[in-house]
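Please read the sequence and the model side by side. The paragraphs below go from the whole chain to single residues.

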Amino acid sequence: MKDKNNKLFISMYHYIRDLKYSRYPNIKGMDIRQFRAQMEFFRDNFNVVKMEQVIEAVKSGGKLPQNAVLLTFDDGYIDHYTYVFPVLEEFGFQGSFFIPGKPISEHKLLDVNKIHHILACADIKSLVIDVKERMNHYRGSEYNYASTDELWNQYAIENRFDSKEVVFIKRVLQTALPEPVRNKISSDLFERYVDVSEEQVASELYMSEEQIGVMRRHGMFIGLHGYEHYWLGNLTREEMACDISKAMMVMCEYINPKEWVMNYPYGNYSLDVISYVESKGACVGLTTKVQVADIEVDSALELPRLDCNDFPPQSNDYIYYL
């Protein structure tokens, strides 16, 4: 591994829990025992840095410690308070937590999490059939969008972690279909496949304002992750600005409005998004581009990240992205 002080490994996490004994053991996440083992690996082989060190480095051109790694946690799950926070405290590490505004202000389930829970409960072949049937049902005079075959050919492309069927489900229900259609289909499928209500899942899934405050007072870093968890780069400028502004209002007591960090939902953004968040005080932006960040080369508002599955005990893939 190259020991250069401008290199920054950024590890991205989502669900972290005792998977085997959780309500949805098939949801894609990291088991808490694997997370602890990964923290041991970082303790022994890396220097876990704080977000404040990264902000200072990108602002001043300063150096980070050799083998620097930043720990980032997306979506504001209760997992992060119940399982992650105690382990980070034990190891003396800071985590950076990026929290959508809607679950806090409205206590509603985000569409992204509806989709995760549907995928955790449904047989994928049956689910693809159901989604296609509903796409055909809602297509017509009220909602006009591409044919199912066209959308399948465009989006059914496997990636590092998901089959082409899973990618297709995610893309059409996250962004490809008109929002009212996405909402209807997601709610239909959630009711069919998931054994509890959306309201109950929402009440159990996310951190509360009090829990976020506790973590911040204990040295954890809090940043923005949009309001609705939209693909921001696919919105109009007005829609994008509204979403980010609402997120800033909800998260105002947890962030420094003159120097905050943006984590783009789904890693999706545009030049307009970058320009807008920068104008509102963002100094660092996190993407999902798979690469080790170079703080001397990469734009501070477009830092790439690796997935937690790129590090031991999951794999040694992080080596290949240097």
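What follows starts with overall dimensions and then turns to a helix, some backbone angles, a loop residue and the cysteines.

This is a predicted model, in which local features need pLDDT of at least 70 and side-chain atom pairs count only at pLDDT 80 or more, while totals for chains, interfaces and linings use all residues. Residues are numbered from 1 along each chain as its sequence is written, and side-chain values use heavy atoms, with hydrogens and water left out.

The protein chain contains 13 helices and eleven strands; helices (H or I, at least four residues) and strands (E, at least two) are DSSP runs, numbered from the N terminus. Its radius of gyration is 19 Å, close to the 20 Å that the globule rule gives for 322 residues, so the chain is as compact as a globular protein of that length. The radius is taken over C-alpha atoms, and the globule rule is 2.2 Å times the number of residues to the power 0.38. Along the principal axes, the C-alpha atoms fill a box of roughly 55 × 45 × 40 Å.

Of the 322 residues in the protein chain, 55% are buried. Buried means under 20% relative accessible area, exposed over 50%, and partly exposed in between, with a 1.4 Å probe and protein chains only. The chain exposes about 14400 Å², and carbon and sulfur atoms supply 46% of that area; accessible areas come from the Shrake-Rupley method with a 1.4 Å probe, and for residues only the protein chains shown count as cover. Contact means heavy atoms within 4.5 Å. Among contacts between residues at least 6 apart in sequence, 68% join residues at least 24 apart.

Helix α5 (residues 111-121) is mostly covered, with nine of its eleven residues buried. Among the buried ones are D111, K114, H116 and H117. The cover over the buried residues of α5 includes strand β2 (15-17) and the helices α6 (124-138), α8 (164-176), α9 (179-193) and α10 (198-205).

Next come some backbone angles. Most residues other than glycine have a negative phi, and most peptide bonds are trans. N67, in the loop between α2 (51-60) and β5 (68-74), has a positive phi near 55°. N67 is buried, with a relative accessible area of 14%. H229 also has a positive phi, near 65°, and lies in the loop between β7 (221-224) and α12 (237-250). At 5% relative accessibility, H229 is buried. The peptide bond from P312 to P313 is cis, with omega near 5°, and P313 is found in the segment after β11 (303-307).

F161 sits in the loop between α7 (148-155) and α8. What does F161 contact, leaving aside its neighbours within four places in sequence? Those contacts are with K28, D307 and N309. F161 is partly exposed, at 40% relative accessibility. The C-alpha atoms of F161 and A300, 139 residues apart along the chain, are separated by 27 Å.

How many disulfides does a search of the whole structure find? The search finds zero, a disulfide being a pair of cysteine sulfur atoms within 2.5 Å. For C252, which is in no disulfide, the nearest cysteine sulfur is that of C242, 16 Å away. C121 is partly exposed, with a relative accessible area of 31%.
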